[in-house]
Amino acid sequence: MKFSRKCLLALFALAAASSLQAQTLAGLQLVGDAGAVAAVTQSTEVDIRVTGLLARTTVTQRFTNHTQGWAEGRYVFPLPDGASVDELRITIGERIIEGE
């Protein structure tokens, strides 16, 4: 069976995300006095662009705070070995937070 590079990269990403630890920790955790609870994921969009040996992946996720008030958020996104994040942008209403 023959796969394109883009398909293989997507399969590797899915395999890495399917581990039990990744499923347990991934996403937005709302942290409060009673501990952390997972925020409700509204949507996830993934765009993968392959150039030579480099794959640039953009992940856009939308979450809902289903708790009664404000909560501290902790975003966890496990990466496979050899992967890195070079940009992080979080939008909360009109506010934009960019990682450094």
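Here is a short tour of this predicted model, stop by stop. Residues count from 1 along each chain as its sequence is written, and side-chain values use heavy atoms, without hydrogens or water. Because the model is predicted, local features need pLDDT of at least 70 and side-chain atom pairs pLDDT 80 or more, while totals for chains, interfaces and linings use all residues.

**Whole chain.** Helices here are DSSP runs of H or I with at least four residues, strands runs of E with at least two, numbered from the N terminus. Of the 100 residues, 7% are buried, meaning under 20% relative accessible area with a 1.4 Å probe, protein chains only; exposed means over 50%, and partly exposed lies in between.

**The open sheet.** Next, select β2, β1 and β5, which form an antiparallel open sheet in that order. Strands pair if DSSP finds at least two bridges between them. The edges are β2 (35–38) and β5 (72–76), each pairing on one side only.

Zoom in on β1 (residues 27–32): four bridges join this strand to β2. Show Leu30 and you'll see Val37 of β2 standing opposite.

**Out to Val46.** Now pick Val46, in strand β3 (residues 40–51). Is Val46 buried or exposed? Val46 is exposed, because its relative accessible area is 54%.
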